Amino acid sequence: MASPAKLVKRDFGSFHASNVQELINLPDSEYEPPAFPEGLEIPSFIPHDIEFGQKFRDDHTLLEKSCTFLNHGAFGAVMKETLDYAQKWQRYTERQPLRFYDRELLPHLAYVTRRLAKFVGCNPKDLLLMNNATTAINTVVKNIDIQKGDRVYCLNVTYGLHDYSPYLAMHVMMNFWEDIGKERILNYMYDLRKEACKYLTREWKTELPIPEECLGSMSLVELPPSLYKSLNHVDYSTAEQIQNILYHEYDIEVPIKALQEKLYVRISAHLYNNFEEYVKLAKSVLKIAPL
């Protein structure tokens with residue numbers, strides 16, 4: 001006769017799942033990941049099948065072909081595989097919602113927390129999955145010992161995300177980074193950004209605001225002063241005007257920043273970007289008439 005199931009204290013209401021803190025605290029030698037439903041096995045990747053740049057964009061993202069997307073630093077494109085996997089979880093949830101929320105969700109959240117903690121190099125007890133950045137920041141602020149006279153700066157913006165599929169889909173991205181290799185991924189982004197910066201500063205005869213060795217996959221690049229030399233003052237509205245011209249007339253998605261009476265473009269380099277996109281940016285900027 002099979003041995004009786006181990007009884008575990010529950011501390012989260014009526015959910016029929018193992019104690020979350022116990023699952024988080026277990027050493028690797030004792031932890032056993034939850035079983036995945038049929039059809040929800042985590043995808044893996046074969047390194048030599050992955051080619052970065054335009055082919056990666058075509059094969060692994062839903063980005064519009066006409067758009068030159070250089071603003072991954074604000075909102076990046078999700079890989080098709082990750083999006084598909086999240087949607088599979090959404091459909092699976094609707095097949096038997098109570099089973100998912102009461103019996104399966106929390107063990108899976110514990111598992112992805114443990115994996116993510118290893119991925120970023122921290123203790124899983126120090127990692128908490130949050131709905132969005134606004135909620136995360138508020139959680140941190142509320143746990144700070146604020147004293148009389150301290151100042152807290154708050155923004156009046158927020159946004160909502162309520163389903164759990166993005167958390168569960170993080171397995172796909174962690175598999176991607178582990179299968180393809182962190183070094184190969186970062187080298188592509190860093191080298192492309194560096195090459196783009198050299199090209200843009202040469203074409204525009206401008207400079208970077210900070211040393212090259214301080215940069216990763218994003219950078220500010222000074223725009224040609226000829227764009228705004230007739231203006232007495234350069235501010236947010238000036239930058240917005242240039243950014244809107246690039247978007248509406250050239251289908252280029254990239255932010256423009258005004259800093260200390262100069263204009264800068266903030267470029268990002270990701271796996272789906274290629275050098276020709278920065279060439280297009282350089283030429284388009286030079287076509288814009290002075291303000």
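Valine 140 sits in helix 5, which covers residues 133-142; helices here are DSSP runs of H or I with at least four residues, numbered from the N terminus. Keep in mind that this is a predicted model, where local features need pLDDT of at least 70, side-chain atom pairs count only at pLDDT 80 or more, and totals for chains, interfaces and linings use all residues. Residues are numbered from 1 along each chain as its sequence is written, and side-chain values use heavy atoms, with hydrogens and water left out.

Back to valine 140: with a relative accessible area of 52%, this residue is exposed. The word means over 50% relative accessible area, while buried means under 20% and partly exposed is in between (1.4 Å probe, protein chains only). Together with Ile144, Ile146 and Val152, Val140 makes a nonpolar surface patch of about 340 Å². To join such a patch, residues need over 30% relative accessible area and no salt bridge, and nonpolar side chains (Val, Leu, Ile, Met, Phe, Trp, Tyr) are linked within 5 Å. A salt bridge would be a side-chain nitrogen of Lys or Arg within 4 Å of a carboxyl oxygen of Asp or Glu. The areas come from the Shrake-Rupley method with a 1.4 Å probe.

Now step back to the loop between helix 4 and helix 5, where you'll find methionine 130. At 22% relative accessibility, methionine 130 counts as partly exposed. Leaving aside neighbours within four places in sequence, methionine 130 is in contact (heavy atoms within 4.5 Å) with Thr135, Ala136, Thr139 and Tyr167. Methionine 130 and tyrosine 167 are 37 residues apart in sequence, yet their C-alpha atoms are 8.9 Å apart in space.

What about the interior? In soluble globular proteins, nonpolar side chains tend to be buried together. The largest nonpolar core has 32 residues, and Phe52, Phe56 and Phe176 touch the most other members. A core here is a set of buried Ala, Val, Leu, Ile, Met, Phe, Trp, Tyr and Cys residues joined through side-chain atoms within 4.5 Å. Helix 4 gives the largest share of this core, 6 residues. Beyond four places in sequence, phenylalanine 52 contacts Phe176, Ile180, Arg184, Ile185, Tyr188 and Leu271. Apart from this core lies another, of 30 residues, including Ala239, Leu246, Tyr250 and Ile288.

Finally, look at threonine 93 in helix 3, buried at 6% relative accessibility. A polar atom of the threonine 93 side chain lies 2.8 Å from the backbone oxygen of tryptophan 89. Leaving aside neighbours within four places in sequence, threonine 93 also contacts Phe100 and Tyr101.

Key:
Patches are made of residues with over 30% relative accessible area and no salt bridge: like charges are joined within 9 Å, nonpolar side chains (Val, Leu, Ile, Met, Phe, Trp, Tyr) within 5 Å. Helices (H or I, at least four residues) and strands (E, at least two) are DSSP runs, numbered from the N terminus. A polar contact is a pair of N or O atoms within 3.5 Å; within protein, one must be able to donate a hydrogen and the other to accept it, and residues adjacent in sequence count only if both atoms are side-chain atoms.
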